[in-house]
Amino acid sequence: MVTELTHWIDGKHVKGTSGRFADVYNPATGEVQAKAPLATVEEIDAAVQSAKAAQPAWAAVNPQRRARVLMKFVELLHRDMDKLAEALSREHGKTLPDAKGDVIRGLEVAEFCIGAPHLLKGEFTDGAGPGIDIYSMRQPLGVAAGITPFNFPAMIPMWKFCPAIVCGNAFILKPSERDPSVPLMLAELMKEAGLPDGILQVINGDKVAVDAILDHEDIGGVGFVGSTAIAHYVYSRGTAAGKRVQCFGGAKNHMIIMPDADLDQAADALVGAGYGAAGERCMAISVAVPVGEKTADLLIEKLIPKIEALKVGPYTAGDDVDYGPVVTAAAREKILGLVDQGVKEGATLAVDGRDFKMQGYENGYFIGPCLFDNVTKDMSIYKEEIFGPVLSTVRAKTYEEALSLAMDHEYGNGVAMFTRDGDAARDFVNRINVGMVGVNVPIPVPLAYHTFGGWKKSVFGDLNQHGPDAFRFYTRTKTVTSRWPSGVKEGAEFVIPTMA
Ligand code: NAD
């Protein structure tokens with residue numbers, strides 16, 4: 001049975017009116033299991049108007065009480081963890097333990113946001129001049145919006161709406177049309193946790209909805225996560241409309257393996273970070289850069305049996321499945337096309353997962369793991385983000401060559417180095433032009449109380465996601481200078497006041 005999904009407006013499920021829908025697949029079977037309504041400009045406007053009407057009363061609730069809604073929300077997420085993970089795996093394809101990780105990484109940001117009363121405190125200068133005090137305060141933007149990708153349908157929506165809402169904003173979430181059920185479930189839980197209607201709206205949609213959000217004059221800020229081309233588009237259109245916009249884009253994360261690294265540890269790290277979630281993570285490692293021929297030979301020798309032993313399967317096959325199908329037939333085709341291209345361009349396909357078939361799931365979007373060796377800088381598999389279970393090995397002669405590979409790549413989301421040499425690690429951390437850096441850590445995703453964001457083409461705009469930056473992004477600073485009569489001199493002043 002194909003379920004017709006809804007929007008979530010004003011605390012209720014609302015049927016779509018456009019007559020346009022996106023098919024939502026079960027990637028393990030290839031069956032359409034739901035259809036998501038694609039919003040019209042009028043539906044976006046209705047959601048914004050309801051958000052705008054509800055927001056002032058919410059902003060007037062004190063921060064401690066706003067934070068208590070998130071406290072309750074965290075409790076409800078734990079209560080419904082299995083249900084959320086199942087819905088997530090059914091639409092995304094990732095394994096159940098990984099789906100729970102997706103929920104928990106979002107929940108951890110909700111926990112961080114419970115500190116809002118502290119994080120929203122302003123600054124105060126007593127006696128900045130005679131009888132003069134200066135203070136600053138953080139005020140919400142009003143209505144903010146978030147546009148999120150398919151690959152973390154629980155975590156990234158929560159990274160957006162938890163800080164925005166606790167800062168006193170109302171929030172319009174436009175999740176990915178490929179896996180929209182979990183965001184709707186999160187909205188139901190926020191209501192159950194005590195959030196007033198209208199403060200969180202979930203609108204399903206495609207480019208029409210995104211453009212309506214970017215052009216809407218009552219939306220003050222937009223946070224986007226997705227591919228680089230769309231990130232750039234959203235940033236340009238949103239800022240042209242005068243909004244505050246932050247957009248997080250694609251990635252090609254390198255891991256440098258130094259000759260002194262523990263190669264067993266490095267190989268395990270590469271397998272987990274390269275193939276977990278079928279490589280559909282913006283912090284996946286997609287390029288291994290062993291330094292020196294001997295390191296490369298040993299590493300490939302260790303990697304091959306580990307990769308060949310990976311268990312690929314549907315989320316229903318148990319917790320020992322390492323990764324599931326990719327999200328859609330189109331994603332599968334694109335990934336396989338790039339693997340073919342890599343072979344054509346002369347890379348060595350050391351492990352070939354192209355013909356993988358999952359027995360009983362022949363229509364699912366499974367791809368066996370692929371490992372390339374002898375990849376060079378000019379190949380498409382090196383330049384492009386593949387976003388699939390494909391790891392490319394580029395052999396570097398020296399540390400400097402390995403470092404410049406990562407530095408010259410257009411993306412700068414994450415990077416890692418495996419070494420036992422503290423001096424080399426320190427040099428790497430200081431010189432690398434990438435936003436999130438791991439030393440002997442393959443997926444250096446910062447925890448909720450630090451901030452998340454890349455450099456170069458992996459980001460447009462400033463201020464990162466979660467951590468203190470999220471509170472800066474979703475608020476405006478107002479600075480007040482006050483003087484009381486005892487400090488006022490007689491007579492008008494015509495010269496700009498200075499402290500001279
Ligand atoms: P995507 O760019 O296809 O979609 C992201 C969002 O943009 C979705 O909500 C989608 O509906 C919307 N969208 C798609 N096409 C559009 C168009 N033409 N105009 C306006 N809006 C449009 O990305 P995806 O495939 O869902 O997600 C995978 C990508 O996201 C990868 O590139 C990955 O690296 C990136 N990602 C980045 C981060 C990060 O923090 N840097 C995190 C997760 C994912």
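# Reading the ligand site, pocket and cavities

Mentor: Start with one contact in this predicted model: a polar side-chain atom of Lys-174 lies 2.7 Å from an oxygen atom of the ligand.

Trainee: Which other residues place an N or O atom by an oxygen atom of the ligand, and at what distance?

Mentor: A polar contact is a pair of N or O atoms within 3.5 Å. In the side chain of Glu-177, an N or O atom is 2.6 Å from a ligand oxygen. Phe-150 takes part through its backbone, with an N or O atom 3.0 Å from an oxygen atom of the ligand. As for cover, the ligand taken alone exposes 850 Å², and the protein buries 89% of that.

Trainee: How many residues are around the ligand, and which come nearest?

Mentor: There are 28 residues around the ligand. Those that come nearest are Thr-148, Lys-174, Glu-177, Ser-227 and Glu-385.

Trainee: How do I read the largest pocket, and which residues lie nearest its centre?

Mentor: A pocket is an open set of grid points, found over the protein atoms alone. Here the largest pocket holds about 840 Å³ of space. Its lining has 40 residues, and Pro-149, Phe-150, Arg-178, Gly-226 and Ser-227 lie nearest the centre. The elements that each give two or more residues to this lining are helices α6 (155-166), α8 (207-215), α9 (228-240) and α12 (329-344), together with strand β11 (221-225). By class, the lining of the largest pocket has 21 nonpolar, eleven polar and eight charged residues.

Trainee: How many cavities of 30 Å³ or more does the structure hold, and what lines the largest cavity?

Mentor: In a cavity, the probe fits but cannot get out. The structure holds five cavities of 30 Å³ or more. The largest cavity has about 120 Å³ of space. Of its 15 lining residues, Gly-279, Ala-284, Ser-286, Glu-385 and Phe-387 are the closest to the centre. By class, seven are nonpolar, five polar and three charged.

Trainee: Which helix gives the largest share of the lining of the second largest cavity?

Mentor: Helix α7 (residues 181-192) does, with three residues. The second largest cavity has about 50 Å³ of space, and its lining includes Trp-8, Met-190, Lys-191 and Asp-197. Its lining has seven nonpolar, two polar and two charged residues.

Terms used:
Residues numbered from 1 in each chain as written. Predicted model: local features only at pLDDT ≥ 70, side-chain atom pairs only at ≥ 80, totals over all residues. Heavy atoms only, no water. 1 Å grid on protein atoms, 1.4 Å probe; cavity = no way out; pocket = protein on both sides within 12 Å on 5 of 7 lines; lining within 4 Å. Points joined across faces, edges and corners; volume = space filled by probe spheres on them. Helix = DSSP H or I, 4+ residues; strand = E, 2+ residues; numbered from the N terminus. Nonpolar A, V, L, I, M, F, W, Y, C, P; charged D, E, K, R; others polar. Near = heavy atom within 4 Å. Polar contact = N/O pair within 3.5 Å; in protein donor to acceptor, adjacent residues only side chain to side chain. Areas by Shrake-Rupley, 256 points an atom, 1.4 Å probe, with all protein chains shown as cover.
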